[in-house]
Amino acid sequence: MYEFLATASELLFKDANVLLKLREWFFSQAGNILLALIIFFVGRYIIRWIKNFAVRVMTRANYDSAAMSFVTQIINYLLLIGLILICLNQIGVPTTSFVAAFGAFGLGIGLALQNNMSNLASGLLILIFKPFRAGHVIQVGDVVGSVTAIQFMYTIIVTKDQKQIYIPNSVLTSQNVTNITNTKVRVIPFVFDIGYNNDHHEAIKILKNVFAKDKRILNAKYMEIGISEFGDNSVRISAFAEVKTSQFLEVRYSIMSDVKDAFDKHGIDIPYPQRVVYIQHADTSTDEIKETKKKVTTTNQEI
């Protein structure tokens, strides 16, 4: 920076004609410069008023806060660029060259940043078609969180563990996005494992009683419930409970706890992984091989 200032001062003060020309230009354009400054400050006030007016209009039209932030940013930057061009034109700087240079620069930037332009276009599509809004809980792939802002390039969501995740807007328009908030009723898919030596009829009856006692279950009388699979170590019983979206997690945690208590009370086993090992013993007196069966209960151990 110091070298730049030294070079600039040397060029300016070495040639007195440069200083004279600058002085002549300043005095000749003093009125225009003052007018340009007035236009700039008045223009900033007008831009602020236009932004506030746009916010009021969008609020009446029921736009969400993320959309309003996105639109006001676009309005602010476009009007500010126009205001600067007007001020430059007022002091005698030809703006046509600036517009041409700006257009060429924008074209070059657009070609170099195609992905970012795609994100910008995708952000506009999100605001137009409104698949989700600020405050909605959405799922994108394995990420589930609440939308806090829709920006030029990214949409920000906050997960349950309070992590801010920035998802490119182009991803949100090219992949499946699940809007969890839009659905008033959700289905909780439960899977319960019981031992093969337990009576599955009794287990299903116990489960139905647990669901019937919880008034938050909307389909307790006609719930789909039954054996869904014969697993390696257990019989799997599936149940699909309908609840209000706002009560999804609390009902899920509550039902899991109630089922565990009910199974313990009625002696229904929730089995661990099991292996059956056959051990052969050779009888030396008769040369016969005797086989015994031994059931080994393991928890992620190799036998």
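With a 1.4 Å probe and protein chains only, buried means under 20% relative accessible area, exposed over 50%, and partly exposed in between. The model is predicted, so local features need pLDDT of at least 70 and side-chain atom pairs count only at pLDDT 80 or more, while totals for chains, interfaces and linings use all residues. Residues are numbered from 1 along each chain as its sequence is written, and side-chain values use heavy atoms, with hydrogens and water left out.

**Exercise 1.** Classify the exposure of F41 and F40.

Step one: F41 has 57% relative accessibility, so F41 is exposed. Step two: F40 comes in at 27%, which means partly exposed.

**Exercise 2.** Work out the geometry of the F40 and F41 pair.

Start with the rule: rings of Phe, Tyr and Trp (its six-membered ring) pair if their centres lie within 6.5 Å; planes under 30 degrees apart are stacked, over 60 edge-to-face, the rest tilted.

**Exercise 3.** Why is the pair of Y154 and Y166 edge-to-face?

Check the numbers: the centres sit 6.4 Å apart with the planes at 85°, so edge-to-face it is.

**Exercise 4.** Which residues form one aromatic cluster?

The members are F190, F192 and F211. For the overall tally, the structure holds 5 aromatic pairs.
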